[in-house]
Amino acid sequence: MARRAFHRPVRSVRTAVMALTAALAAALIAVPGLAAEPGQAVIYYQAPPAWQQVNIHYAVGDGAWTALPGAAMDDADCAGWQQYTIELDDADTAQFVFNNGSLDNGSAQWDNNAGADYRAGAGDWTVAEGLMSGGAPCTTASGGEAEVYFDLDSRGWDRANMHYSVAGGAWTPVPGIAMDEQACDGWAKLTADLGAAQTLEAAFNDGAGTWDNNGGGDYTLRAGRTTVQAGLVTADAADPCAAVDPPEPDTTAPSVPEQVSGTAEHTSISLRWQPATDDVGVTGYTLTRTGAGETIARETAATSFTDVGLAPNTEYTYTVAAYDAAGNVSAPSEPVAVTTGEAPPAPAGGQMLGGDPRRDPIYFVMTARFYDGDESNNRGGNQHENAGNDAYDDPMFRGDFSGLIEKLDYIKALGFSAVWITPVVLNRSDYDFHGYHGWDFYRVDARLESEGASYQDLIDTAHAKGMKIYQDVVFNHSSRWGAVGLETPRHFGVQDEDWDEHYHTENPDFVYDGLSVEPDSGVSHYNGDLWSTEEPEGNTCEHWGLHNGYYSPEGRKIYHCQWPNPTSGIFSAENYHQCWIGNWEGEDARSCWIHDDLADFNTESESVQQYLLGAYKRFIDMGVDGFRIDTAVHIPRITWNRVFLPELESHLIAKYGEEKAQDFYIFGEVAAFVHDRWNRGSVNHSPQFFTWTERREYSADGDLAALEQYEWENSQGTENQPTSDNAFLDGNEYREPDHSRFSGMNIIDMRMHMNFSEASNAFHSGMDSDPWTNDATFNTVYVDSHDYGPNKSEERYSGGTDAWAENMSLMWTFRGVPTLYYGSEIEFQAGVQIDCGPTCPLAETGRAYYGEHLEGEVIAGGFGEVASASGAVAETLNSPLVEHLQRLNRIRSAVPALQTGQYSTEGVEGDMAFKRRYTDDTTDSFALVAVSSSATFTGIPNGTYVDAVTGTVQEVANGTLTAEVAGKGNLAVYVLDLPDGPAPGQVGDDGPYLH
């Protein structure tokens, strides 16, 4: 998915800019005569042309801000710039904003970095059009040329393009200019004319969709020769291709790895060893494993390795050999023998309900924010007080399975027969209540369970009520602490007192479970990081202990190795990818990290695949009814189709048999936040793409196959993609669907979601994408969620009650599975920002605690019916949208065509109007639907039609029926009375919208 709104934003907009500027400061040389003195920050500002006066309003360190409107800035030595010198005294940084000098609300204009303020340390800084960079803008010298060398080997590329802009001018067309000037092996070169400018902004790519754009901040390069090597910019660099005497051939092998040790946990073995040494440098290690009747070799660049999926109670012997870039290999280490234990205990087990998932409308619950059934498992994170959650007495982990079990009857009374819950695996982060920071994928998070209310209890209780449980699962990433049983590296933070609340002294005897309180720190969010002033023994992280140029939202320095970085060496390449995403619609979207506290799994690695499959098969064994797959787009389709989906299907078939296995509902989040059919032209990043099997053969190697698929499918273009008529009627007849090319993954309907600012927009947009989806009748359809509202709004939907009623009327009658985010039945938190990270109170977001609206007792009389209710929940159930929702669920349940039917608009005159039909051996259901306005249907079968909303009967003898509908959200559902699909008559009583 694109950037997750619910993931912890380690760097705010302000700090992201600071990350760029601090990293560039060393590469920029200030112009003589303008350079800042030590202890000074010289700020240059290019004000909007309309400003007659420019003031800078600032605060040094944690001190007080200047009196409004701040200090007047002076004209700089070059036109269009103002400058001001801030004396930092003993502080490291200053924060500042700019204004036009007016204090009048009607005329005052401000530039405060979109609300984040600007921040700078000592040195020269320029701010123009919201972009802050190091250096001074004024010079008397001409810019000349920028001779840029880009290191190909450090990125694994064989060519490079430079996409750039000179001094704020227009950018070159994508993908940029080929860096094809003569250079030496491993380097690409391009000389850019700067004219009178001193700098250019640049990003690099390999011409195949993989980018290096400095972590999203682009590079600022100056005149003269510059080298860019693995993200490091060197100004006034030596020529990397200068003729040198050829080096002596490297014939020395690395030393033998020592102190190889291994430990077993169930059927996984974790190995560690001391780094080998070499006269040039160790490139990697080869592990040779012997046991269970076979010998297997694996390679890694790290000094640790986790072997998973081994046989239980079996001895395995390992040796480790080091090798260098020249191919010299050390002798193998002394062997180490490790015996695996018993296989992980199997879950208690359960049976999924089965049945076509299209029959089950879905209620989406963030478990930790829904209802608190057991206060003893409530836990707040390390920002509990700072974020303001303490003031609301609202710990992040508040709701639980106990509360969800208690309120299943509320969900049933609304009419829902499926509940989608956020991930249940043990999480670990500063902001993990949502469940997407998995740490131990084989354990259920203790903050969700209680005595008598385990996850198994929830599944079994829901099933007893005829309700399904869909579990949110993550295959793409783990928490920044890694994944227990696969790889859990040690993170080394500098011992800086500013970070006391984040870092705790290591306690090797304490096992984190999210719930238990570590005795020394006194907190349950204990992280166990090792932090010190000295570089720890065995450290694999590069640049340990150095400030990386970034600052936390609180202004604290962030050091290398304090937060995971894919290129730092903290994680092994065997299990984790080693780069940042540069292009969200590029190939690197599958092979790089999306956020710095979400360590990106190398999902093409067999060890990772087996780890994740082993974990999620256990939940299948518990009887869950389906998986919602998080960030599905960040794993290539070919990996889903080759490995994950077939393995899950095989396990389901083994448990349930081939027929029932097909009832397990898998729906993936392929986040495409665009209004169009294809995601910015990239078929590989569009939802419908993931519903198909492959059309050709690719390399056996997973990484190569992913790249081959990306390039080949994009080369075919958007219109040369497979199509299907599985969602469409053949005239008035139901056609037998052809699922032979179905991948096994259904999708969340991002196209409708993005266009739900108006129901009509969503309807027509959905129809436009349906031919390119294998079977759109299985799409999961919602208006908003825990991530975004329509149009990628960061607020919960606030179109009003009438608009909500209309959206519901469409979703509950059109193709797909209608889905509602918790609380939307009463417009809970409408218009409120869905997520603002760990620095603000959850009570003021779209993920607020819902329990106050559920207090009291409720018993469901059936789906969409209340037998009894008292207290606040009774008031909640009496709201007009709830009444509307209940009746829609009952109508949908009474008309099979609305659940599983195909649709057509042929012969239909009306905006949101369509006909639907479903036929099998025992059922033949045909319905005509008009939403919010009247519609005329021609060429339909003759017979008796009865409106499920009003009970109105129409006899059709000439193939024409007109449905009279008036009022936003009102509806007509004329059902043809057939022997195998009798019209139900009027379903329910007239309400505020259906009448």
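Strand 18 (residues 224–229) and strand 19 pair in the antiparallel sense over four bridges. Within this pair, Val228 stands opposite Val233 of strand 19. The model is predicted.

Both strands belong to an open sheet of four strands with the order 14-11-18-19. Its pairing is mixed. Strand 14 (187–195) and strand 19 (232–235) stand at the edges; each has a single partner strand, so one side of each is left without a neighbour in the sheet. On average, neighbouring strands of this sheet are turned by 20 degrees against each other, direction ignored.

Glu857 stands opposite Ser870 in strand 44. The hairpin of these two strands has two residues between the strands, and Gly864 takes a positive phi near 85 degrees there.

| Strand pair | Sense | Bridges | Opposite residues |
|---|---|---|---|
| Strand 18 and strand 19 | antiparallel | four | Val228 and Val233 |

Helix 14 covers residues 880–894. At 1.5 Å a residue, its 15 residues should span 21 Å; the end C-alpha atoms are 21 Å apart, which agrees. Buried residues of helix 14 include Leu881, Val882, Leu885, Leu888 and Ile891. An α-helix has 3.6 residues a turn, so residues three or four places apart point the same way.

Technical notes:
Residues are numbered from 1 along each chain as its sequence is written. This is a predicted model: local features need pLDDT of at least 70, side-chain atom pairs count only at pLDDT 80 or more; totals for chains, interfaces and linings use all residues. Side-chain values use heavy atoms; hydrogens and water are left out. Two strands pair if DSSP finds at least two bridges between them. Axes are lines fitted to C-alpha atoms, for helices over the stretch in contact, and angles run from 0 to 180 degrees between N-to-C directions. The expected span of a helix is 1.5 Å times one less than its number of residues. Buried means under 20% relative accessible area, exposed over 50%, partly exposed in between (1.4 Å probe, protein chains only).
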